[in-house]
Amino acid sequence: MTTTEPHAQEEGPQRSVYLGVIIWSDDPDVEPTVIADRNPVTLARSLALTIHEMLADTNLYVGATEFLQEQPPPQDWARPEDVDDWLEALREATPYPSYSFHQVPVTGGVDGTNHTAVNRHLQHALHDREQALAADTDATSQAPASSRAAPGSAGWG
């Protein structure tokens, strides 16, 4: 019996880890939440559940209750596509909380981690996110005051 290439990769050491980053607001003092998993499908579900719990447990986001009532609850997320659909609906509904996914290579080092590559990847991801937030802030500050979201509204309509 021969081993197929994809099967051989599954049995070998994990070549990458998947990170999900949740940015809760545009306040630089609010730390993001980072979730890691070896499986991207499991990671997406964990990230969506974390966001869902935060939206359900707090009144920080105006319109969150309505959003949660309009979207299927976690117990109805039977397929990975259901999670994807929920996350995309969130992305369309509001700028915060926002999320991103990253695949980080994991090789080398005493503990199996190439720390230089991981640190470089995370710094690059952070820089990209900061640039995106800066661009969003610039676009918002140039909009007329009447079209900007009220402070604390987190962009919910």
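The following legends describe close-up views of a predicted model. Residue numbers start from 1 along each chain as its sequence is written, and side-chain values use heavy atoms, with hydrogens and water left out. Local features need pLDDT of at least 70 and side-chain atom pairs count only at pLDDT 80 or more, while totals for chains, interfaces and linings use all residues.

**Figure 1. Overall architecture of the chain.** The chain contains 5 helices and 3 strands, where helices (H or I, at least four residues) and strands (E, at least two) are DSSP runs numbered from the N terminus. Along the sequence these elements follow the pattern α-β-β-α-α-α-β-α. Of the 157 residues in the chain, 27% are buried, a term that denotes under 20% relative accessible area (1.4 Å probe, protein chains only). The accessible surface is about 10,400 Å², and 52% of that surface belongs to carbon and sulfur atoms; the areas come from the Shrake-Rupley method with a 1.4 Å probe. Among contacts (heavy atoms within 4.5 Å) with a separation of 6 or more, 59% are between residues 24 or more positions apart.

**Figure 2. Packing of helix 2 against helix 4.** Two packed helices are described by the angle between their axes and the distance between the axes. Helix 2 (residues 40-57) and helix 4 (residues 80-93) pack at about 45°, with axes 10 Å apart. Helix 2 is therefore oblique to helix 4; angles under 35 degrees count as roughly parallel, over 145 as roughly antiparallel, 65 to 115 as roughly perpendicular and the rest as oblique. The axes are lines fitted to C-alpha atoms over the stretch in contact, and angles run from 0 to 180 degrees between N-to-C directions.

**Figure 3. Residues at the contact of helix 2 with helix 4.** Helix 2 contributes Val41, Ala44, Arg45, Leu47, Ala48, Ile51, His52 and Leu55, which meet Pro80, Val83, Trp86, Leu87 and Leu90 of helix 4. By class, this contact has 11 nonpolar, 1 polar and 1 charged residues.

**Figure 4. Surroundings of Trp86.** Trp86, in helix 4, is buried because its relative accessibility is 2%. Leaving aside residues up to four places away in sequence, Trp86 touches Ala48, Ile51, His52, Leu55, Phe67, Leu68, Gln71, Pro72 and Trp77.

**Figure 5. Surroundings of Val83.** Val83 lies in helix 4 and counts as buried at 2% relative accessibility. Residues touched by Val83, not counting those up to four places away in sequence, are Ala44, Arg45, Ala48 and Trp77. A C-alpha separation of 9.7 Å relates Val83 to Ser46, 37 residues apart along the chain.

Figure 6. The peptide bond from Tyr96 to Pro97 is cis, with omega near 0°. Pro97 is placed in the loop between helix 4 and strand 3 (98-105). Most peptide bonds are trans.

How values were computed:
Nonpolar A, V, L, I, M, F, W, Y, C, P; charged D, E, K, R; others polar. Buried < 20%, exposed > 50% of the residue type's maximum accessible area, 1.4 Å probe, protein only.
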